[in-house]
Amino acid sequence: MSDPRLSLKVVFIVKNFIKESIIRAVSSSKNERILPLADIPFVVESPKERSQGDFSTNIALVGAKLLKISPKELANELIPILNGLKLFDSVGLAGPGFLNFKLTTNTLFSTIDKIYVQGSDYGSNQEGLNKKIHIEFVSANPTGPLHIGHGRGAAVGSALARIYEFCGYEVLQEYYVNDAGRQMDILALSVFHRYQEKYLSETFPLSNAYEGGYVGDIAEAIKLQGLLDELGGKTFEVRESESFDSEKLLDFLIKQLRSFLGSQLFNRIRDFSSEFVLSGIQETLAGFRVSFDSWFSEKSLITDGAVENVLKILDREKQTYTEQGALWFRASNFGDEKDRVLVREGGAHTYFATDLSYHARKAEDGYFKMINVWGADHHGYIPRLRAALEVLKISRSRLEIMLVQFASLVDKGQKVSMSTRKGSFVTLDSLISDVGADAARFFYLMRKADQHMEFDVGLAKEKSSKNPVYYVQYAFARISSVLAQAKGLGWSDDGNPGNLEQALSTEYEHEQLLLLSQFPDIVMAASNSGEPNIVTQYLKDLAYLFHSNYATNKILVDNLDTRNARLCLASVTGTVIENGLNLLNISSPKKM
C-alpha cells in the first residue's frame with residue numbers, strides 16, 4: 001500500500017483498520033505490562049520499500065519509552081501477540097524499533113470467498129440494528145425550481161440514507177415543505193403580478209420578487225383553471241403613501257394585495273402556486289433518483305397546535321418575553337448573539353417557531369439520530385435552534401447538522417453566476433439533461449459536503465479516463481464484457497477457482513485484493529463520519545487498480561488456473577464496484 005497512486009483517504013482507512021486490530025490484540029493480551037500500549041499515540045505507516053512489508057508501525061519504539069525498556073525487548077514481546085491476530089504473514093523488527101509486517105495471504109484470499117457468498121450484501125453490517133435515523137434534506141422552499149446548489153444536498157442526503165440502511169439502520173427520509181412563511185406570500189404576489197401583466201394588461205411596481213419563467217407558467221395555469229375569473233377584470237392598484245426599501249415594499253404590497261383579493265382568494269393563489277412548484281420539485285428529484293418517505297408540511301404544525309404547544313413549554317420555562325407586540329425567545333441566554341422572534345407583531349409565526357416544533361415532533365418519535373442536511377448559509381441559524389431544543393430537554397447529541405457548501409457551475413472554463421429571485425440560475429433539471437443523473441450524482445459526491453466544489457460540466461460529459469464516473473463505470477463494463485466472453489468459452493462463475501495463492505501472485509493483484517477486503521471498513525467509515533465521498537474515492541481507487549492490473553496481467557490467458565483465478569478476481573471486483581455504486585444510487589452499466 002505504499003503506492004502513491006492510491007488516495008490518501010483510502011490509505012488512511014486501511015491503516016486505521018490495521019491500527020485498531022493491533023490495539024485490540026494488545027488490549028486482550030495477558031501480558032499486563034504492555035496493556036498501556038493501547039493508549040499511546042503510535043502510528044501505522046507504509047514502508048518506503050515494498051520489500052520491507054505491507055505496513056510498518058512504531059509501537060515498539062514509542063512504547064519502549066513508556067515502559068522504560070529497549071524497543072527490541074518490547075518488540076520481541078509484541079511479535080507473538082501480533083502473529084496471534086492471524087492477520088499477518090510475518091512480523092519483524094527493523095531499524096531502531098519499527099515492526100514491519102505483511103498481510104497474510106489467507107486473509108487476502110478469503111475475501112474472494114466472502115464476496116462470492118455475500119454478493120450484494122458484501123460490505124453491509126448490522127451496526128444500526130433496532131436504531132432509527134431521521135434524515136431531512138433538500139427542503140428547498142417551494143418558490144421555484146431546484147437549482148444546481150440544491151442538487152448537492154440531494155445527492156449527499158440520499159447517498160447517506162442508503163449507506164445507513166446498508167449498515168442496518170431503519171431510515172426515514174423526509175422533505176420539510178416550507179409552505180407557511182413569508183416566502184410563499186412573495187411567490188403569490190409575484191404570480192399575481194405576472195398574471196395581471198399578462199392577462200389584464202395592467203401592472204404595478206414590483207422589485208426583488210420572483211422573476212423566473214416558471215412564474216409565468218404558474219400564472220398561465222391559474223388562467224386555465226379560472227382561479228381568478230371572479231375578479232371580473234378588476235385590477236390591483238398600489239396605494240403607496242410612503243417610500244419603502246425593497247423588502248418593506250414587498251410586505252406592504254402583500255398586505256395590499258391580500259386586502260384587494262380577500263384572504264380566501266389570496267390563500268388560494270398562494271397554495272396553488274406552492275403546489276405547482278412542489279410538483280415540479282418532486283419530478284426533478286425523481287429524475288435525480290431521490291425519493292422521500294415523507295413530505296412534511298410546515299402548515300400542519302400550525303393547524304394541529306404543535307407550534308402553540310412548544311411556545312407554552314418555552315413560556316413555562318420562562319424563556320420567552322413580549323416586546324413591541326412580538327414574542328421573543330431568550331436565545332442570548334444560551335450563547336446566541338441575540339434573542340430571536342417566535343411570533344411577529346400581528347400574530348404570524350416565524351420560521352424559527354415552526355422549525356422548532358418540527359424538531360420537537362421528530363424527537364418525540366424516538367429517533368436514535370436526527371440528521372439535517374442544510375446549506376452552508378444556515379450556519380448562523382444553528383445556535384438558536386440548539387438553544388431552544390436544550391430548553392425542550394432534547395439532547396444535543398441526537399441532532400446532527402451537516403452543512404453543505406454551495407456548488408458553482410463551470411462551463412467552458414467560465415463560472416456561471418446565479419440569482420434565485422431573479423430567476424437567473426441553472427436548474428437541476430437542465431444539469432441532469434446535460435450530463436446525466438449518474439455523472440451529476442458522482443461529481444456532487446466526490447468531495448466532503450463542507451468543502452466548496454466547482455462542477456465542471458465539460459469534464460462530466462467527457463467519455464475518457466479523465467472523467468471519474470466514466471472511469472469507474474467503465475471498469476464495471478469491462479469486467480462484465482470479460483466475464484461474458486469467458487462464459488462463452490465455458491467458464492463457470494462458481495467461486496471455486498482452485499489455488500488462488502499461486503495463480504494470483506503479482507503486486508497489482510495483491511493490492512486489488514487488499515482494497516477489496518477493506519470495503520466493509522470503508523462503508524463503516526462513511527456511516528460513522530457521514531461522508532459518502534469516502535465511498536466515491538474508494539471506487540476511484542479500486543477502478544484505478546483494476547484498470548492497471550488489466551493492462552499488466554491479461555485475464556483470458558491460455559493457462560487454465562491463472563485464467564480462472566483472474567476471472568474470479570475480476571468477478572468479485574465487479575461485485576464490489578456495483579455495491580459501491582449502488583450505495584451512491586449510480587448505475588452499473590454492463591456496456592459502454
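Colleague: Which residue forms a salt bridge with Arg-340?

Modeller: That is Asp-336, and the closest N and O atoms are 2.9 Å apart. Keep in mind that this is a predicted model.

Colleague: Is Arg-340 buried or exposed?

Modeller: Arg-340 is buried, because its relative accessible area of 9% falls under the 20% cut-off. Asp-336 counts as buried too, at 7% relative accessibility.

Colleague: How many salt bridges does the count come to?

Modeller: The count comes to 17. One of them joins the side chains of Glu-509 and Arg-566, at 3.0 Å from N to O.

Colleague: Where in the chain are Glu-509 and Arg-566?

Modeller: They sit in distant parts of the chain, 57 residues apart. Glu-509 belongs to helix H19 (residues 507–517), and Arg-566 belongs to helix H22 (residues 560–583). Both Glu-509 and Arg-566 are buried.

Colleague: Which residues do salt bridges with shared partners join into one network?

Modeller: The network is made up of Asp-185, Arg-258, Arg-270, Asp-271 and Lys-299. Within it, the side chains of Arg-270 and Asp-271 meet at 3.5 Å, N to O.

Colleague: Let's switch to strands. What is the order of the open sheet of three strands?

Modeller: The order is S8-S9-S10, with antiparallel pairing. Strand S8 (320–323) and strand S10 (340–343) are the edges, each pairing on one side only. From one strand to the next, the twist averages 40°.

Colleague: How many bridges join S8 to S9?

Modeller: Four bridges join S8 to S9, where S9 covers residues 326–329. In S9, Phe-329 is the bridge partner of Thr-320.

Colleague: One last thing: which residue takes a positive phi in the hairpin of S3 and S4?

Modeller: Gly-95 does, with phi near 65°. That hairpin has three residues between the strands.

How values were computed: Residues are numbered from 1 along each chain as its sequence is written. This is a predicted model: local features need pLDDT of at least 70, side-chain atom pairs count only at pLDDT 80 or more; totals for chains, interfaces and linings use all residues. Side-chain values use heavy atoms; hydrogens and water are left out. Two strands pair if DSSP finds at least two bridges between them. Helices (H or I, at least four residues) and strands (E, at least two) are DSSP runs, numbered from the N terminus. Axes are lines fitted to C-alpha atoms, for helices over the stretch in contact, and angles run from 0 to 180 degrees between N-to-C directions. A salt bridge is a side-chain nitrogen of Lys or Arg within 4 Å of a carboxyl oxygen of Asp or Glu. Buried means under 20% relative accessible area, exposed over 50%, partly exposed in between (1.4 Å probe, protein chains only).
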